[in-house]
Amino acid sequence: MRAPAGKVYIVGAGPGDPELITVKAIRRIGLADVILYDRLVNEELLSYARPGTELVYCGKAPNAHAMPQEQINKTLVAYAKEGKTVVRLKGGDPFVFGRGGEEALELAENGIEWEIVPGVTSAIGAAASAAIPLTHRGKAASFACVTGNRCHGDQEPVRWDLLAHSVDTLAIYMGVSQLGVIREELLKHGKASSTPVAIIEQGTTSKQRVITGTLADIHKLALSMKVVNPALIIVGEVVKVREQLLLAEQQAEAWVM
Ligand code: SAH
C-alpha cells in the first residue's frame, strides 16, 4: 500500500539574524520529519526541529558541489511521496531569488500539497540593519530588487538601461563579483558617478560590514576591503540617510555625555 502523500512547506528563514524568522516558519520547522536547508540559512534555526528530524544540507560544502536544483526538486517529491512532512528552508524569502517557484511547480506537477511561508528578504533585512531606508520622502519613491548575476542560463539580461532611470533605489543581490560591470552599466546609462552606493556584507548578522561610497569609487573600495558574499549592494540617494542617522546618533550621544 502506498503511504498517503506528505506535504512540503517552502519556508523563508530570513536574512541571517535568527530572530528575523516568522512565527509560522518556526511552527513549520517544528512539524517537519525532514528539513532540506540551504547555505544561507542560519543553522541556529534548526534547533526548532523536533529531535530525530532528518536534516539534509543542500548548500555548497568546501571542496564539494551544491546539490543541483533538479536533484533538490526530486528529493522533495520523493520525501513527500513517502508521506513525510518536509520543510524546504531557504535564506531570506523563498520567492525572491530563491528558486521557490521552481520547487513549488515541481511539487504541483507531481500532485503534492505545498505551502509557501514568506521570509524577510535580505534587501529588507540588510537595509534595516545598515540604517538605510529603501524609500524615503524626497529621496526615493521606489525600489527594485535586482539580480547582479545571470548565470542561470536562459534568462534575459537585466535592463540596467531602464533601471538606471526608472527606479530610485536599487537593491542588488548576487552582485559582488559583477560590481565592476554593474557600475559601468549604470554609468553608461546616465546614472551620475556621484550616486551613493552601499555594500552590506553578512547583513543582520554579528559579522555585518557596511561599506559606503559612490558609483565612482565603490568598485575599488570593495576590492580593497575584500568584500565577500553574501553581500547586498544598494544604489541610490537613500544611502545618505544612513550617514544622517549615524551623525544624529553621535550628536545625541554627545549631548547625553
Ligand atoms: N532568497 C534570498 C536571496 C537568495 S540569493 C533572499 O530573499 O534574501 C543570494 C543573495 O542574497 C546573496 O548573493 C546576497 O546578495 C543576498 N543575501 C543573502 N543573505 C544576505 C545577507 N545576510 N546580507 C547581505 N546580502 C545577503
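Helices (H or I, at least four residues) and strands (E, at least two) are DSSP runs, numbered from the N terminus. The model is predicted, so local features need pLDDT of at least 70 and side-chain atom pairs count only at pLDDT 80 or more, while totals for chains, interfaces and linings use all residues. Residues are numbered from 1 along each chain as its sequence is written, and side-chain values use heavy atoms, with hydrogens and water left out.

The chain holds 8 helices and 10 strands. Along the principal axes, the C-alpha atoms fill a box of roughly 70 × 50 × 35 Å. Of the 257 residues, 43% are buried, where buried means under 20% relative accessible area, exposed over 50% and partly exposed in between (1.4 Å probe, protein chains only).

In soluble globular proteins, nonpolar side chains tend to be buried together. Here the largest nonpolar core has 23 residues; such a core is a set of buried Ala, Val, Leu, Ile, Met, Phe, Trp, Tyr and Cys residues joined through side-chain atoms within 4.5 Å. Among the members that touch the most others are Val146, Trp160 and Ile199. Elements giving two or more residues to this core include strand E6 (143–147), helix H5 (160–166) and strand E8 (196–201). After H4 comes Ala131, with a positive phi near 60°.

Most residues other than glycine have a negative phi, and most peptide bonds are trans. Phe97 is not a glycine, yet its phi is positive, about 45°. This residue is found in the loop between strand E4 (85–90) and helix H3 (100–109), and at 37% relative accessibility Phe97 counts as partly exposed. Thr204 also has a positive phi, near 70°. Thr204 is found in the loop between E8 and strand E9 (209–214) and is buried, with a relative accessible area of 11%. A cis peptide bond, with omega about -5°, joins Asn229 and Pro230; Pro230 is found in the loop between H7 and E10.
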